[in-house]
Amino acid sequence: KRHKFWETQPVGQFKDLGDASLPEGPIEPPTPLSEVKQEPYNLPSPYEWTTCDMDSEEMCNEVYVLLTNNYVEDDENMFRFNYSKEFLRWALRPPGFYRSWHIGVRVKTSKKLVAFITGVPARIRARDTVVTMAEINFLCVHKKLRSKRLAPVMIKEVTRRVHMENIWQAAYTAGVVLPTPISTCQYWHRSLNPKKLIDVGFSRLGARMTMSRTIKLYKLPDQTVTPGFRKMEPHDVPAVTRLLRNYLKQFVVAPDFDENDVEHWLLPKEGVIDSYLVESPETHEITDFCSFYTLPSSILGNQNHSTLKAAYSYYNVSTKTPLIQLMNDALIVAKQKDFDVFNALDVMQNESFLKQLKFGPGDGKLHYYLYNYRLKHVLRASELGLVLL
Ligand SMILES: COc1cccc(CC(=N)NC(=O)c2cccnc2OC2CCNCC2)c1
């Protein structure tokens with residue numbers, strides 16, 4: 001397939017797959033900062049660049065409205081991600097973030113925000129090398145401006161602004177195949193409110209299944225079962241950081257979280273991120289951890305429901321409590337919080353609980369990519385320890 005733009009970029013090319021002579025690591029060396037293009041790329045004449053200050057209620061709202069109406073939909077165009085404003089502020093302002101990496105495109109005359117792309121800095125380990133990368137996300141072009149080739153120039157502009165901060169690698173995911181995935185994951189869904197999921201067309205009634213039988217099949221206990229299972233609190237940050245750093249060592253690609261990162265990415269935030277841990281009642285040691293983020297979807301064209309309440313599995317660590325039991329407690333809490341569905345990728349050790357906890361396979365795949373960094377082999381999903389929002 002022709003990838004006019006991606007064939008010009010320092011990314012693994014399909015033709016290089018299997019060429020074992022190519023070394024693992026950066027594809028191109030850094031450019032001297034004096035040689036990085038100082039001025040923004042040219043946009044088509046009706047449009048101009050803008051920096052979206054997410055601290056500004058007005059700009060954050062413009063971004064929210066653009067994404068709510070124009071961001072990623074499922075393959076059957078029945079659902080569209082509906083990230084909340086609080087979630088966007090959380091996702092885009094981690095430790096060390098750059099406002100200049102929150103890039104918008106406006107119509108010069110009307111000043112209407114019609115496109116968006118973001119980066120946030122992250123330290124990511126690839127095998128034994130920790131690399132400061134940009135995590136690229138929220139690439140969105142207004143539905144009415146599609147195939148005007150805006151996306152390539154937006155990608156070049158965010159790349160230029162990342163280069164200006166002396167960062168030369170990036171990580172991103174996409175539902176489409178581009179040159180060249182470092183890994184491809186399958187997504188899975190666990191029904192929590194099967195009646196609503198069937199009503200809105202997210203799920204279908206199984207063959208030889210009645211609605212009441214289906215509701216019974218997905219029923220969960222009212223309370224969690226693991227002794228010492230509780231919400232994460234600020235004083236837990238050091239212990240959770242130790243637990244998570246040690247656990248993520250086993251994966252080929254994973255974030256290199258420090259306490260600052262854990263404090264931002266994993267402390268509970270109402271309606272954004274939920275995280276729980278198991279504190280041994282005997283020793284008070286923190287032995288396990290689970291977390292999920294809140295990402296509702298707009299339901300397009302249903303009379304009775306407008307929003308699908310979805311929880312997305314984030315980082316989970318089990319050292320004492322069986323992962324299956326830990327994740328079942330996560331399902332129980334998500335049900336208590338009135339989520340309709342709990343989603344997970346088959347990354348890390350998730351495959352070990354998906355079927356047993358009654359997750360069903362989704363109808364799509366999520367591909368992971370690194371920019372300007374070659375890995376010798378395509379990774380199994382279970383070798384991936386990185387979850388992007
Ligand atoms: C149910 O509403 C949807 C609305 C839009 C798209 C999809 C399908 C889809 N593309 N799902 C995922 O990408 C996905 C499925 C399970 C877990 N994480 C996921 O994506 C995350 C990570 C990448 N950025 C989007 C959120 C579903």
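Tutor: A salt bridge is a side-chain nitrogen of Lys or Arg within 4 Å of a carboxyl oxygen of Asp or Glu. The model is predicted, so local features need pLDDT of at least 70 and side-chain atom pairs count only at pLDDT 80 or more, while totals for chains, interfaces and linings use all residues. Residues are numbered from 1 along each chain as its sequence is written, and side-chain values use heavy atoms, leaving out hydrogens and water.

Student: How many salt bridges are found in the whole structure?
Tutor: The search finds 29. One of them joins Asp16 and Lys15, at 3.3 Å from N to O. Another pairs the side chains of Glu48 and Lys111, at 2.8 Å from N to O.

Student: Is Lys15 buried or exposed?
Tutor: Lys15 counts as exposed because its relative accessibility is 71%. Exposed means over 50% relative accessible area, buried under 20%, and partly exposed in between, with a 1.4 Å probe and protein chains only.

Student: Now the ligand. Which residues are closest to it?
Tutor: Phe79, Tyr83, Tyr187, Ser297 and Leu389 are the closest of the 18 residues that surround the ligand, each with a heavy atom within 4 Å of it. The protein covers 92% of the 590 Å² of accessible area that the ligand has on its own, by the Shrake-Rupley method with a 1.4 Å probe.

Student: What does Ser297 do there, in terms of distance?
Tutor: A polar side-chain atom of Ser297 lies 2.8 Å from a ligand oxygen atom. For Leu389, a polar backbone atom is 3.1 Å from a ligand nitrogen atom. Such a polar contact is a pair of N or O atoms within 3.5 Å.

Conventions. Polar contact = N/O pair within 3.5 Å; in protein donor to acceptor, adjacent residues only side chain to side chain.
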